Amino acid sequence: MKALDGIKVLDFTHVQSGPTCTQLLAWFGADVIKVERPGVGDATRKQLVDVPGADSLYFTMLNHNKRSIELNSKNETGKEVLTKLIQTCDVLVENFAPGALDRMGFSWERIQEINPRIILASIKGFGPGKYEDCKVYENVAQCAGGSASTTGFRDGPPLVTGAQIGDSGTGLHLCLGIVTALYQREKSGRGQKVTAAMQDGVLNLSRVKLRDQQRLDAGPLKEYSQFGEGVPFGDATPRAGNDSGGGQPGRILKCKGWETDPNAYTYFICQAAIWEKICDVIGEPDWKTKEGYATPPERLDKLNEIFARIEEWTMTKTKFEVMDTCNPHDIPVGPILSTKELIEDEGLRATGTIVDVDHPERGRYTSVGCPIKLSDSPVEVERSPLLGEHTIEILSEVLGYTGEDLARVVDSGAVGAAKQAAE
Ligand code: CAO
């Protein structure tokens, strides 16, 4: 038994943000039916192709455990099938450009008429307002949501991060909205509209930077290295490099081998509670009691000096040796792990967070499994569907088309290559 057993999701999503959300729903046990344009499908199937003729990793890694139906939602018979899907499903998830669903003839009002219990969940780039009609991709959201202006070094340009906080981050937000709406429906009996704007999702994840924006009114941000360097603050939260910027100062420091290995670094946190242990480990026992070093507020204008001394020590060790030495003392450190190291990580494989998946077109590939673990709803990662692989199965088993009626739909051309599949 899975947590979302019995929940049917009409998955009208594409690219990354929406598919991240529906993949999670599928992993929690929902029957996710991905609707794709006949002969074309989700654009990512053919983006960043590494195995000619096979669905790309971009697609396969975002669409596990789903079924695919090819359906032209602008064709009359296609609209009939879509209407039946809306009648049958509990949730419709979409991340089309603004207005696309309305242009297909499926406004929220129409969807509610068809099925008052359905939850319509949408991702858009921006919420209501002057940018509501804009198409948006990941990095636009990172820039518009406060992440880019606060990422990078003070003397460099704004930076985007590798973590897809705009797309996958918003997918996560939407997923939470959907399960919450399903929970409310238990009591109200009604569906509702759930929206998550990518700008809002990034802003939510950048919350601490808005905290710092307001703290600026009370004076300089003493936890930022800029303070110790005597550089005045402007009127907005600055980029702070690798400073933690929070209550426990931290930095990325070089480890043994940094000259040739771009990832021979560790994150090192000077947690106040274990300051004395840090002093012992790095060979500065006098700092435990020395004036200007003994308490956290005293240290704030000396962070560059303190981290330079700690780095002298970390540079004598590999990032894993730093971890092994610091962990027994409860000193919070973290090796900078490369994607290669992560994909080979035995621990992540043991928990199912890194999995190998077999695929008929591309063979075996590695993917990221479900990062959320439910003790009563285990996840088995299954390969993504081929384009239209389940068209006939969905028409007949889910929607009940049989005999001449099924032949009529298949012959109409609304469901792509289903004809060949049926034969
Ligand atoms: N049958 C018939 N038509 C279909 C269809 C189907 N099964 N599926 C999609 N279409 C049509 C849509 O109706 C739309 O047609 P109209 O423009 O005539 O209304 C058309 O395909 C294109 O859809 P789109 O505008 O959503 O796609 P795009 O590639 O032009 O834009 C994107 C992509 C991501 C920029 C846009 O969808 C968007 O802004 N989405 C919201 C924000 C978002 O999720 N961004 C993150 C994407 S991941 O980086």
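**Close-up views of a predicted model**

By class, ten nonpolar, seven polar and seven charged residues make up the shell around the ligand. Here Ala, Val, Leu, Ile, Met, Phe, Trp, Tyr, Cys and Pro count as nonpolar, Asp, Glu, Lys and Arg as charged, and the others, Gly among them, as polar. The model is predicted: local features need pLDDT of at least 70, side-chain atom pairs count only at pLDDT 80 or more, and totals for chains, interfaces and linings use all residues. Residues are numbered from 1 along each chain as its sequence is written, and side-chain values use heavy atoms, with hydrogens and water left out.

**View 1**
The ligand is surrounded by 24 residues. The closest are A97, R103, K135, V136 and D167. K135 places a polar side-chain atom 2.4 Å from an oxygen atom of the ligand. S17 has a polar side-chain atom 2.9 Å from a ligand oxygen atom. F96 uses its backbone: an N or O atom there lies 3.5 Å from a nitrogen atom of the ligand. Taken alone, the ligand exposes 960 Å², and the protein buries 84% of that. Accessible areas come from the Shrake-Rupley method with a 1.4 Å probe; for residues, only the protein chains shown count as cover.

**View 1. The six-stranded parallel sheet.**
This open sheet has the order β3-β2-β1-β4-β5-β6, with parallel pairing. Strands (E, at least two residues) and helices (H or I, at least four) are DSSP runs, numbered from the N terminus. Two strands pair if DSSP finds at least two bridges between them. β3 (66–70) and β6 (193–197) are the edge strands, each pairing on one side only. From one strand to the next, the twist averages 20 degrees. Axes are lines fitted to C-alpha atoms, for helices over the stretch in contact; angles run from 0 to 180 degrees between N-to-C directions. Four bridges join β1 (residues 8–12) to β4 (residues 91–94) in the parallel sense. V9 stands opposite V91 in β4.

Contact means heavy atoms within 4.5 Å.

**View 2. The three-stranded antiparallel sheet.**
Three strands form an open sheet in the order β7-β8-β9, and the pairing is antiparallel. The edge strands, β7 (250–254) and β9 (333–335), each pair on one side only. Neighbouring strands of this sheet are turned by 20 degrees on average, direction ignored. Five bridges link β7 to β8 (residues 265–269) in the antiparallel sense. I252 has Y267 in β8 as its bridge partner. Helix α14 (residues 319–326) lies across β8 and β9, at about 155 degrees to β9.

**View 3. The β10–β11 hairpin.**
β10 (residues 354–359) and β11 (residues 363–368) run antiparallel, joined by six bridges. Three residues lie between the two strands of this hairpin. D358 stands opposite R364 in β11.

**View 4. K302 in its loop.**
K302 lies in the loop between α12 (296–299) and α13 (303–314). Its side chain makes a polar contact with the side chain of D301 (3.1 Å). A polar contact is a pair of N or O atoms within 3.5 Å; within protein, one must be able to donate a hydrogen and the other to accept it, and residues adjacent in sequence count only if both atoms are side-chain atoms. Leaving aside neighbours within four places in sequence, K302 is in contact with G292 and Y293.

Notes. Near = heavy atom within 4 Å.
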